[in-house]
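Subject: Structure for your review

Dear colleague,

Please find below the structure I would like to hand over to you.

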Amino acid sequence: ALGLLDGAELHLAHAEATKDGEEADHGALDAAAESLTAAGLTITARRALGDPPGPGLSRLAAEESFELIVAGRHRQGPLKRMLYGSTSDELISATRTPLFLLPETAAEPTAPGPLLVPFDFTPSSRLALDLARKLARRHPATLTLFHAVPLAELTPRRSVEAGATSA
């Protein structure tokens, strides 16, 4: 997936809700930025403190006019997710910036490969298709459009009164 973003300007961000007077731990963010800089990348580390993470990252992306948010997602138990929500769910709801989510079990591709684009004819799916098209042109890749049709829409319906088939 990262092969699709070669040459992009990278901003490493961390959002954390803090209470008044509470200090945030910046060690992990600084270590990640140093590691990426040592690998030859130009990195800008940003912090969005005070807001819950999803809205904080969304606000940062809007203020800085980021073109894409790339985020990891981790599993939570259903009870914890119900009680506390998840950062990725908050981010999906809060942002207008395109969002690329990676599950924690995602395999890291070694080269850009085919792209799957779920398509349901909505404006947001058209935006996703446009972004996928741009990525596929930048790094030659095959696009597969996918539109799911519920089985009920494909099977003939029977009229209860006459027993006739209607379409």
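This is a predicted model: local features need pLDDT of at least 70, side-chain atom pairs count only at pLDDT 80 or more; totals for chains, interfaces and linings use all residues.

Salt bridges

Side chains of opposite charge can pair when their charged atoms come close. Searching the whole structure gives four salt bridges.

One of them joins E64 and R46, whose closest N and O atoms are 2.7 Å apart. E64 lies in the loop between α2 (53-63) and β3 (69-73), while R46 belongs to strand β2 (residues 43-49), so this pair ties together parts that are 18 residues apart in sequence. E64 has a relative accessible area of 34% and is partly exposed. R46 is also partly exposed, at 22% relative accessibility; the cut-off for buried is under 20%, so R46 does not count as buried.

A second pair is R59 with E63, where the closest N and O atoms are 3.4 Å apart. Both residues lie in helix α2, four residues apart, which is about one turn of the helix. R59 is partly exposed, with a relative accessible area of 34%, whereas E63 is exposed at 52% relative accessibility. The limit for exposed is over 50%, and E63 is therefore placed in that class.

In helix α5 (residues 123-138), D130 and R133 are three residues apart, about one turn of the helix. Their side chains meet in a salt bridge with an N to O distance of 2.2 Å. D130 is partly exposed, with a relative accessible area of 26%, and R133 is partly exposed as well, at 31% relative accessibility. D130 and R133 are linked with K134 in a network of salt bridges.

Strand β5 and its surroundings

Helix α5 also has a place in a right-handed β-α-β unit, which it makes with β5 and β6. Strands β5 and β6 (residues 143-146) run parallel and are joined by four bridges. Within this pairing, L115 stands opposite L143 in β6.

Which residues of strand β5 are on the covered face, and which on the uncovered one? In β5 (residues 115-118), L115 and V117 form the covered face, and L116 and P118 form the uncovered one. In a regular strand the side chains alternate between the two faces of the sheet.

Yours sincerely,
A colleague

Notes: Residues are numbered from 1 along each chain as its sequence is written. Side-chain values use heavy atoms; hydrogens and water are left out. Helices (H or I, at least four residues) and strands (E, at least two) are DSSP runs, numbered from the N terminus. Buried means under 20% relative accessible area, exposed over 50%, partly exposed in between (1.4 Å probe, protein chains only). Two strands pair if DSSP finds at least two bridges between them. A crossover is right-handed if, with the strands pointing away from the viewer, the path from the first strand over the helix to the second runs clockwise.
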